[in-house]
Amino acid sequence: MAQYSAVLDRDIDDVFVALGDPTRRGVIRRLGRGPTSVGDLAGEFPMTLPSFMKHIRVLESAGLISTAKRGRVRTCELNRGRLAVVDDWLAEQRRIWDERTDRLATLLEEEQ
């Protein structure tokens, strides 16, 4: 169980690190509209192509995007399913805090 938890923690850490940068969040936002080439994506950000490619590698390593090369064009596509890692983590946090606030409300009602 601890080993499984460590894998999940590593997964969520990778995703949050990838989403922690505004350029990478911009790439995710843009790919939400559909796949596009690296060249077109890079043109939307004020940096050199080698610097931009580092962001692409981080997103790909976290599993948030995939890239495929067709001829001389590398196309990026959003892996929407991978965003479920964030959704699942947030849902768990909501559940924990809802339980805590429910217990607090019960305690306060009992005191009155």
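How many helices and strands make up the secondary structure of the protein?

## Overall architecture

The secondary structure comprises five helices and three strands, where helices (H or I, at least four residues) and strands (E, at least two) are DSSP runs numbered from the N terminus. Read from the N terminus, the order of the elements is α-α-β-α-α-β-β-α.

This is a predicted model, in which local features need pLDDT of at least 70 and side-chain atom pairs count only at pLDDT 80 or more, while totals for chains, interfaces and linings use all residues. Residues are numbered from 1 along each chain as its sequence is written, and side-chain values use heavy atoms, with hydrogens and water left out.

## Burial, surface and contacts

Of the 112 residues in the protein, 29% are buried; buried denotes under 20% relative accessible area, exposed over 50%, and partly exposed the range in between (1.4 Å probe, protein chains only). The accessible surface of the protein comes to about 7,800 Å², and carbon and sulfur atoms account for 53% of this surface. Such areas come from the Shrake-Rupley method with a 1.4 Å probe, and for residues only the protein chains shown count as cover.

A contact requires heavy atoms within 4.5 Å. Among contacts between residues at least 6 apart in sequence, 52% join residues at least 24 apart.

## The nonpolar core

The largest nonpolar core contains 21 residues. A core of this kind is a set of buried Ala, Val, Leu, Ile, Met, Phe, Trp, Tyr and Cys residues joined through side-chain atoms within 4.5 Å. The elements that contribute two or more residues to this core are H1, helix H2 (22-31), helix H3 (38-42), helix H4 (49-61) and strand E3 (73-78). Val27, Phe52, Ile56, Leu64 and Ile65 have the most contacts inside the core.

When neighbours within four places in sequence are left aside, Ile65 is in contact with Ile28, Leu31, Ile56, Leu59, Glu60, Cys76, Glu77, Leu78 and Asn79. Thr23, in helix H2, is counted as buried because its relative accessibility is 15%. With neighbours within four places in sequence again left aside, Thr23 is in contact with Phe45, Met47, Phe52 and His55.

## Aromatic pairs and a nonpolar patch

Rings of Phe, Tyr and Trp (its six-membered ring) pair if their centres lie within 6.5 Å; planes under 30 degrees apart count as stacked, over 60 as edge-to-face and the rest as tilted. The ring centres of Phe16 and Trp89 are 5.3 Å apart and the planes stand at 80 degrees, so this pair is edge-to-face. The pair links distant parts of the chain, with Phe16 in helix H1 (residues 2-19) and Trp89 in helix H5 (residues 84-111), 73 residues apart. Phe16 is partly exposed at 34% relative accessibility, and Trp89 is partly exposed at 36%. The aromatic pair of Phe45 and Phe52 is stacked, at 5.5 Å centre to centre and 25 degrees between the planes. Both Phe45 and Phe52 are buried.

Phe16 and Trp89 also form, together with Leu90, a nonpolar surface patch of about 250 Å². Patches consist of residues with over 30% relative accessible area and no salt bridge; like charges are joined within 9 Å, and nonpolar side chains (Val, Leu, Ile, Met, Phe, Trp, Tyr) within 5 Å.

## Salt bridges

The structure holds three salt bridges, each defined by a side-chain nitrogen of Lys or Arg within 4 Å of a carboxyl oxygen of Asp or Glu. The side chains of Asp11 and Arg82 meet in one of them, with an N to O distance of 3.8 Å. Asp11 lies in helix H1 and Arg82 in the loop between E3 and H5, so the pair ties together parts that are 71 residues apart in sequence. Asp11 is partly exposed at 24% relative accessibility, whereas Arg82 is buried at 16%.

Glu44 and Arg30 form a salt bridge at 3.5 Å, N to O. Glu44 is located in the loop between H3 and H4 and Arg30 in helix H2, 14 residues apart. Glu44 is partly exposed, with a relative accessible area of 44%, while Arg30 is buried, with 15%. In the salt bridge of Glu92 with Arg95, the closest N and O atoms are 2.5 Å apart. Both residues lie in helix H5, three residues apart, about one turn of the helix. Glu92 is partly exposed at 34%, as is Arg95 at 37%.
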